[in-house]
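Trainee: May we go through this structure together? I would like to begin with a single residue and then move to others.

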Amino acid sequence: GGDCSPSNEKGGLADRLLRSGKGARMTGASMSSLALGGVMLLGMAVGAHGVRPAFSDPGSSGLLLRTPSMSHIDHPSHHSPNTPVLASRPASLAGGAVRFRKGGELASTLMAGSRTNVLDGPKGAKGAGGGSSAGQVETAAEVLLKQIRDTAAEGSSATSSEVEESEEVVNHAIASWHKGPGSRVSLSPPPPALGLESGVSIMPHPLKAYRGGEDVALEVTVEGHTVIGVFDGVGGWAELGVDPALYARRMADLVRMEFERNPDMALLHERPLITLLQAAYDELELAELPGSCTASLALLTSEGHLHVLNVGDSGIHVVRGEECVFKTREQQHYFNCPYQLGMGSDDRPNDGAYYVLDDIAEGDMIIAATDGTWDNVWGHDVVDLVVQGGTPGEIARRVALLSHEHGGDAAYVSPFAVNSAQQGQAYRGGKLDDVTVVVSRVGAAAGGRGGAAGDESLVTSTASEEDFQE
């Protein structure tokens, strides 16, 4: 009980931390209580100075991944080119946060959730103990660490591991705060607003070129949020007299319209891509439109988080420098029968594999492509094409051309041929198919944080004349 308000105690924050716990032989539990209590007191003082928590690590070169469909994680360099980095479980399962670092080192689980400024105080508020200098907070933090170490040296019953854990609590709290506006120096400056520069290349199967093929590409930017994606109409519908492209085109168009109507979902929904895809799916169900398609979507929010949703055997890779640091896993019920959305299928948008990449960075390249690419081009070959440089459109065209070339090569050892052999089926060469590639380069947003130079959208399922030229 009693009034614990800092303003009712004499002395500065550091003095009050020194007085706490004196005169008692400290156990591991009481030491932990001291650490946690000190952090809470620091939190109040930090809030008064307008300091907010930052749960990401801007200095890391890796990716912070949060996924409700994670069953094992390894580094891409430890796999053969056709081995998925992330395996998926049902999307309803809760996931953790694991940071990829170069060389495959895995850091411990990190907080990667809300960035709400829970410690923010009113602007111009005075610091704890009556002072206005944020330096009091830093001094008090040092005092708290010193007290933990001194009590351990003076015969505390706490074990060395308990001492280390208490120090880690304080250090983690200090590291997770960075200064807000004003003249104070920022410990962890907010990352710059990010945007996407994209290019598209579509090359239909030669026998489907007269009607534009069955793939669809999507790019839409609204209020600083950008969605890219590819949709692949399931070819089996052609045997029933249904153009497989119609369902895929309508699905892409509905996703675009829903995002233009409600761009706020990018920040307000935990899994906004499922919200988008579900809205489009529901409308197609009501319309009873025959057909089905696969879907791979990526959303870069104005806050710099990359959401990825994959339903079926299309896919998305992220290339950083000269390595692939992330890729989706294809979803199939059995070999060559992918998950698909539409009439006659029990699959739903929330059956897809969902990922959130929190440490996307300027210069990262995002490649979304249909199975016409991933069946015919190994991941390391895609990386090589990205490293050659050029605009996103030029890179997309190089990837599409190589996919088309390998698809028509009966002697090429393609990913599809290797997967067929693993299933006990004899198959040689590439697998000629529609090819659709969207390449996006992550860079600084043109309009600053939370905005872009202008809203724009593109839904296309037709190739330019250039795409047919060899």
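Trainee: Is Ala446 buried or exposed?

Mentor: Ala446 is exposed, with a relative accessible area of 65%. Here exposed means over 50% relative accessible area, buried under 20%, and partly exposed in between, with a 1.4 Å probe and protein chains only.

Trainee: Before we continue, what sort of model is this?

Mentor: This is a predicted model, in which local features need pLDDT of at least 70 and side-chain atom pairs count only at pLDDT 80 or more, while totals for chains, interfaces and linings use all residues. Residues are numbered from 1 along each chain as its sequence is written, and side-chain values use heavy atoms, with hydrogens and water left out.

Trainee: Where is the place of Ala446?

Mentor: Ala446 lies in the loop between β17 and β18, the latter being residues 456-460. Strands are DSSP runs of E with at least two residues, helices are runs of H or I with at least four, and both are numbered from the N terminus.

Trainee: Which residues does Ser440 touch?

Mentor: Leaving aside residues up to four places away in sequence, Ser440 touches Leu196, Glu197, Ser198, Ile228, Asp364, Met365 and Ile366. Contact means heavy atoms within 4.5 Å.

Trainee: Which side chain forms a polar contact with that of Ser440?

Mentor: The side chain of Ser198 does, at 2.5 Å. A polar contact is a pair of N or O atoms within 3.5 Å; within protein, one must be able to donate a hydrogen and the other to accept it, and residues adjacent in sequence count only if both atoms are side-chain atoms.

Trainee: Changing topic, what is the phi of Glu223?

Mentor: Phi of Glu223 is near 55°, a positive value in a residue other than glycine. Glu223 sits in the loop between β6 (215-222) and β7 (225-233), and is partly exposed at 41%.

Trainee: What about Asn336?

Mentor: Asn336 has a positive phi of about 65° and is not a glycine either. Its loop runs between β12 (332-334) and β13 (337-338).

Trainee: Finally, how many helices and strands does the protein chain have?

Mentor: The protein chain has 11 helices and 18 strands. Of its 470 residues, 51% are buried.
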